[in-house]
Amino acid sequence: MLNLTAAPEIIACMFVGNSARIGGAVLNYRGAPSFIECFFQDNTATESGGGIQNTETEPLLTNCVFVGNQASAGGGVQNGFASSSTLINCSFNHNTAPRFGDAIYNSRNLELANCILWGNGTPELFETLGSNLTILHCNVQ
C-alpha cells in the first residue's frame with residue numbers, strides 16, 4: 001500500500017506476506033495516515049521497513065501488531081526522513097533486520113506509548129544520532 005500525500009484511516013486490516021524494496025506492506029510518504037487495530041505479519045522489504053516505511057509523514061498507529069516482518073533495516077517499522085510517528089498500544093514480536101533495529105529503526109521523531117517490543121532480534125530499537133525518541137510506559141526487551 002502506498003500512501004502518497006494522503007491521510008487515510010485504515011481500521012482492522014491485515015497486511016500479510018507482502019514484499020517490496022521499501023515498505024514491505026506499507027510505504028507512507030507525506031500525509032498523515034492512521035492505522036487502527038491493524039495486523040502486519042510476514043512482510044518483507046529488501047531495504048527498509050518490513051512492515052511500514054515512513055518518509056516525510058506523520059502516521060498514527062494504535063493497537064497494531066507486527067509479527068515476523070523483515071527488512072535490511074527496521075524489520076517492523078522504519079521511521080525515516082522528516083517523519084514524526086506516534087505508536088500507541090502496539091506490539092512487536094519476531095521481526096528481524098540484520099543491519100539495524102529488528103523491531104524499529106528511528107532516524108527522526110518517534111513516540112512510543114504503552115508498546116511492547118519483545119522477542120525480536122538485537123537491538124529491538126535502533127536510533128540514529130540526532131533523532132528524537134519518547135518512550136512512555138513501554139516494555140522493551
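Predicted model: local features only at pLDDT ≥ 70, side-chain atom pairs only at ≥ 80, totals over all residues.

Residues are numbered from 1 along each chain as its sequence is written, and side-chain values use heavy atoms, with hydrogens and water left out. Strands (E, at least two residues) and helices (H or I, at least four) are DSSP runs, numbered from the N terminus. For accessibility, buried means under 20% relative accessible area, exposed means over 50%, and partly exposed is in between (1.4 Å probe, protein chains only).

**Backbone features**

- As background, most peptide bonds are trans, and most residues other than glycine have a negative phi.
- The peptide bond between Thr122 and Pro123 is cis, with omega about 0 degrees. You will find Pro123 in the loop between strand S18 (116-117) and strand S19 (125-127).
- Asn89 is not a glycine, yet its phi is positive, near 55 degrees. Asn89 sits in the loop between strand S14 (84-88) and strand S15 (91-93), and its relative accessibility of 34% makes it partly exposed.
- His137, also not a glycine, has a positive phi of about 55 degrees. The loop that holds His137 runs between strand S20 (132-136) and strand S21 (139-140). With 71% relative accessibility, His137 is exposed.

**Aromatic rings**

- Rings of Phe, Tyr and Trp (its six-membered ring) pair if their centres lie within 6.5 Å; planes under 30 degrees apart count as stacked, over 60 as edge-to-face and the rest as tilted.
- Across the whole structure, a search finds 8 aromatic pairs.
- One of them is Phe66 with Phe92, whose ring centres are 4.6 Å apart and whose planes lie at 5 degrees, so this pair is stacked. Because Phe66 belongs to strand S11 (residues 65-67) and Phe92 to strand S15, the pair ties together parts that are 26 residues apart in sequence. Both Phe66 and Phe92 are buried.
- Tyr105 and Phe126 also form a stacked pair, because their ring centres are 5.3 Å apart and their planes are at 25 degrees. This pair links distant parts of the chain, with Tyr105 in strand S16 (residues 104-106) and Phe126 in strand S19, 21 residues apart.
- Tyr105 is buried at 13% relative accessible area, whereas Phe126 is partly exposed at 23%.

**Salt bridges**

- A salt bridge here is a side-chain nitrogen of Lys or Arg within 4 Å of a carboxyl oxygen of Asp or Glu, and the structure holds 2 of them.
- In the bridge between Arg21 and Glu47, the closest N and O atoms are 3.0 Å apart. Arg21 lies in strand S4 (residues 19-22) and Glu47 in strand S8 (residues 44-48), so the pair ties together parts that are 26 residues apart in sequence. Glu47 is partly exposed, at 36% relative accessible area.
- Arg30 and Glu56 meet through their side chains in a salt bridge of 2.9 Å, N to O. The pair links distant parts of the chain, 26 residues apart: Arg30 is in strand S5 (residues 26-31), and Glu56 is in the loop between strand S9 (52-55) and strand S10 (60-62).
- Arg30 counts as partly exposed at 37% relative accessibility, and Glu56 counts as partly exposed at 23%.
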